[in-house]
Amino acid sequence: MKRRSLIKAFALSATVVSMGFAWSAQAADIIKVGIMHSLSGTMAISETPLKDVALMTIDEINAKGGVLGKKLEPVVVDPASNWPLFAEKARQLLTQDKAAVVFGCWTSVSRKSVLPVFEELNGLLFYPVQYEGEEMSPNVFYTGAAPNQQAIPAVEYLMSEDGGSAKRFFLLGTDYVYPRTTNKILRAFLHSKGVADKDIEEVYTPFGYSDYQTIVSNIKKFAAGGKTAVVSTINGDSNVPFYKELANQGIKATDIPVVAFSVGEEELRGIDTKPLVGQLAAWNYFESIDNPTNAKFVADYRAYAKAHNLPNAATVVTNDPMEATYVGIHMWAQAVEKAGTTDVDKVRAAMAGQTFNAPDGFTLTMDKTNHHLHKPVMIGEVEENGQFSVVWQTDKPVRAQPWSPYIAGNDKKPDYPIKTAQ
């Protein structure tokens, strides 16, 4: 009896050891990649497509052999538009899931929430959305626009003859760090152009706000004082009722142009855009850009949506933060190949100067010192079909200025204040 028990014990032990080796071998053949976007709550309308395009990009890389001969394995988490939960999910991805990198966040408040976690644990975050600047971290690569790559050029356009020669500005945003800091920069910029405070109005609404009737009425009253433009930093699903109210009150782009910094093709998908024709958005990419690289990007995403039965797969669109996600994942993969490892310090060093032929039609470069992409700036007009026609753009990518020259004291800040591995 004892002999049979010992034989069984040895057999079981051998099986466990064998399974352990198999698991270790399997684990050694994958690289875990964190995808951290709100798939529920007020920001789901904007962030869910970023999750989808990230998964498409990972599939694309895996189909070509992966990275360092290993398959990328996505780990998707949903912080549910809950800013403290972003920090919890970031810590989970880095400590429990052992993600080599994380692609995620949309709002600046979510990025601010996770930043201490990435810096404490020396993780790596790729942030794909335009933001207010006034921040740099060795643990973040910013693939969206800084203010000089979106907000400042947009307001300059509104002040130009082509943009309507605006003299008064209604700054309307969601009440959190990105709109407030961006508008602080814009107010200082407008002052430098001779615009007085009496010609600048600032209004903020909570996340998820939906009753814009009074605000739009006030925009019309403010516009009675001279040529007025609205600069919108509204985020998430509040954009839908805002644009519907513009249409309800008969505001046309020829009367009061609205330029949005967080409204793209996805946010317009569920709106009747006919009354909004001519309204503006400032980005670094639009789906309507005509070049072979973008044609493939759009076609690949539509095919992915159909193959994976995404909601409304027949009408999916691409947009700027999706392109920034796509570029960021590819650049990270290139940097890992160059470094020969997923070690954060070595990948950080290898990211400096990385280039990628982007769907926007330009070869984008990761700056060697400030962790921001050099990006073209584009202004598009809403068309009836919910797409944008580009009415103005820079002739080449613009280097980001994370520290705005319109904020006092920024001229004394070094380009990159935190020592990084070189």
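Predicted model: local features only at pLDDT ≥ 70, side-chain atom pairs only at ≥ 80, totals over all residues.
Local features are taken at pLDDT of at least 70 and side-chain atom pairs at pLDDT 80 or more, while totals for chains, interfaces and linings use all residues. Residues are numbered from 1 along each chain as its sequence is written, and side-chain values use heavy atoms, with hydrogens and water left out.

## Helix 2 and its partner

Let's begin with helix 2, residues 44-63. Helices here are DSSP runs of H or I with at least four residues, strands are E runs of at least two, and both are numbered from the N terminus. Helix 2 has 20 residues and spans 28 Å from its first C-alpha to its last, close to the 28 Å expected at 1.5 Å a residue. That expected span is 1.5 Å times one less than the number of residues.

Why is helix 2 largely enclosed by the rest of the structure? Because 16 of its 20 residues are buried. Buried means under 20% relative accessible area, exposed means over 50%, and partly exposed is in between (1.4 Å probe, protein chains only). After helix 2 comes Gly-65, with a positive phi near 110°.

Lys-51 is part of helix 2, and at 17% relative accessible area this lysine is buried. Setting aside neighbours within four places in sequence, Lys-51 is in contact with Ile-35, His-37, Leu-39 and Val-76. Contact means heavy atoms within 4.5 Å.

Helix 2 also meets helix 10 (residues 292-307): their axes come within 10 Å and cross at roughly 100°. That makes helix 2 roughly perpendicular to helix 10. On the helix 2 side the contact is made by Pro-49, Asp-52, Val-53, Leu-55, Met-56, Asp-59 and Glu-60, and on the helix 10 side by Phe-297, Asp-300, Tyr-301 and Tyr-304. Sorted by class, the contact has 7 nonpolar, no polar and 4 charged residues. Nonpolar covers Ala, Val, Leu, Ile, Met, Phe, Trp, Tyr, Cys and Pro; charged covers Asp, Glu, Lys and Arg; the others, Gly among them, are polar.

Axes are lines fitted to C-alpha atoms, for helices over the stretch in contact, and angles run from 0 to 180 degrees between N-to-C directions. Angles under 35 degrees count as roughly parallel, over 145 as roughly antiparallel, 65 to 115 as roughly perpendicular and the rest as oblique.

Helix 5 (residues 151-159) and helix 6 (residues 177-192) have axes that come within 10 Å and cross at roughly 45°. That makes helix 5 oblique to helix 6. Ala-151, Ile-152, Val-155, Glu-156 and Met-159 of helix 5 meet Thr-182, Ile-185, Leu-186, Phe-189 and Leu-190 of helix 6. By class, that contact has 8 nonpolar, 1 polar and 1 charged residues.

Helix 7 packs with helix 8 (residues 239-248) at about 50°, with the axes 9 Å apart. That makes helix 7 oblique to helix 8, and the crossing is right-handed. Here Gln-213, Val-216 and Ile-219 from helix 7 meet Phe-242, Glu-245 and Leu-246 from helix 8. The tally is 4 nonpolar, 1 polar and 1 charged residues.

## Single residues

Some relative accessible areas are listed below.

| Residue | Relative accessible area | Class |
|---|---|---|
| Ile-31 | 6% | buried |
| Phe-207 | 23% | partly exposed |
| Asn-312 | 57% | exposed |

Ile-31 sits in strand 1 (residues 30-36). Its C-alpha is 9.9 Å from that of Gly-69, 38 residues away in sequence. Beyond four places in sequence, the contacts of Ile-31 include Val-67, Leu-72, Ala-100 and Trp-332.

Phe-207 is in the loop between strand 7 (200-205) and helix 7 (213-223). Not counting residues up to four places away in sequence, Phe-207 touches Thr-42, Met-43, Trp-83, Thr-107, Thr-174, Tyr-176, Asn-235 and Ser-238.

Which residues other than glycine have a positive phi? Ser-165 is one, with phi near 55°, and lies in the loop between helix 5 and strand 6 (168-174). Asn-312 is another, at about 50°, in the loop between helix 10 and helix 11 (320-339).

Technical notes: Left-handed = near helix turned anticlockwise from the far one by under 90°.
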